[in-house]
Amino acid sequence: MSVHAYVLVQTEVGKAAEVATAIAGVSGVTLAEDVTGPYDVIARVEGPSVDELGALVVSQIQKVPGITRTLTCPIVRI
C-alpha cells in the first residue's frame, strides 16, 4: 500500500513553471503543476511509507532550486 500526499510549494518570483518541471522529474512524484493562488506549484507524491514520503520531500523536492517554502498535506483514507 502506498502513502500519498500533496506538496504545496512557494517559489521565487517567475520560477513556478521551472520548479514544476523539475519536481515532475523526481521519482515518486505523480503530478506537478504550476498554479495561481497562495502557492505556486502543487505536486502529488507517493511512497511506501510516511517516513519515506517525508524523506522524498526533504531530500529531493525541497532541494529544487527556486523553492522558498513547502507544505506537505498527507492524504488520509478512513
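Helices and strands here are DSSP runs, numbered from the N terminus; a helix needs at least four residues and a strand at least two. With that in hand, start the tour. The model is predicted.

**Stop 1: the whole chain as a cartoon.** Trace the protein along its sequence. The pattern reads β-α-β-β-α-β. That comes to two helices and four strands.

**Stop 2: colour by pLDDT.** The average for the protein is 95. Residues scoring at least 70 make up 100% of the protein. Now select residues 16-24. This is helix α1, where confidence is highest, at 98. Next select residues 50-61. This is helix α2, where confidence is lowest, at a mean of 94.

**Stop 3: C-alpha atoms.** How does the radius of gyration compare with that of a compact globule? A compact globule of 78 residues would have a value near 12 Å, and the protein has 12 Å, so the two agree.

**Stop 4: contacts.** Take pairs of residues at least 6 apart in sequence. Of the contacts between them, 65% join residues at least 24 apart.

**Stop 5: the surface.** Then colour by burial. Of the 78 residues, 33% count as buried, meaning under 20% relative accessible area.

**Stop 6: charges.** The protein has 5 positive and 8 negative charges.

Technical notes: Residues numbered from 1 in each chain as written. Predicted model: local features only at pLDDT ≥ 70, side-chain atom pairs only at ≥ 80, totals over all residues. Heavy atoms only, no water. pLDDT = per-residue confidence, 0-100. Rg over C-alpha atoms; globule rule 2.2 N^0.38 Å. Buried < 20%, exposed > 50% of the residue type's maximum accessible area, 1.4 Å probe, protein only. Contact = heavy atoms within 4.5 Å. Lys, Arg positive; Asp, Glu negative; His and termini not counted. Charge placed at Lys NZ, Arg CZ, Asp CG, Glu CD.
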